[in-house]
Amino acid sequence: MARTALLLKGVNVGGNTRLPMAELRAALVDELGWTDVTTYLQSGNVAADVPKGDAGSALHELISTRFGLDVEVFAWTGKEIAAVIADNPFPDKAGEPKMLHVAFLQSAPPKDWFAKAGLVHDGDELALGRRHIYLSYAVNSRDSPLAKVLRNAKVSFTARNWTTVLKLAELTS
């Protein structure tokens, strides 16, 4: 078993893709046999002890079959989450958790896209991680030119603010 964070993309945000967390927790234990399952907030953050293998695919299939939803799942081990925190290139933003986000990806970001998109947009900055992207916002994430560039990219991701990243580290340590 490995302590793992599973991040669900677009769940319970803006009234779309409703997924009851209590029912999900129960299904993970009863149907997948996962242990020590917990969720954080209602926006699709799950921490659990999962068997070796592709936890993301197992959770995706369960959500599809049991709840009738097609939700992308990003699986990260506790060690990987800890490394994301340790490697933060914007330590001055850690005290402003709404201004620092991490976009979690399934695989390494395509380097050529970032060369075209640029790393700074009107005071917002990004930095590449192994399979994640750090986003430092000057004003906010919703209106950020950088966030718009990322949303328009052909890169599948789900983003979490720094408070959530720290909580995921706590839940998976």
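Arg3 counts as buried, at 16% relative accessibility, where buried means under 20% relative accessible area, exposed over 50% and partly exposed in between (1.4 Å probe, protein chains only). The model is predicted, so local features need pLDDT of at least 70 and side-chain atom pairs count only at pLDDT 80 or more, while totals for chains, interfaces and linings use all residues. Residues are numbered from 1 along each chain as its sequence is written, and side-chain values use heavy atoms, with hydrogens and water left out.

A search of the whole structure finds seven salt bridges, each being a side-chain nitrogen of Lys or Arg within 4 Å of a carboxyl oxygen of Asp or Glu. Three of them are listed here, among them two that involve Arg3.

| Pair | Closest N to O |
|---|---|
| Asp36 and Arg3 | 3.5 Å |
| Asp49 and Arg3 | 3.5 Å |

Strands here are DSSP runs (E, at least two residues) and helices are DSSP runs of H or I with at least four, numbered from the N terminus. Asp36 counts as exposed, at 52% relative accessibility.

Asp49 also forms a salt bridge with Arg3, and since Asp49 belongs to strand β3 (residues 45-50), the pair ties together parts 46 residues apart in sequence. Asp49 is buried, as is Arg3.

Arg66 is partly exposed at 41%, and Glu31 is partly exposed at 43%. Salt bridges that share partners join Arg3, Asp36 and Asp49 into one network.
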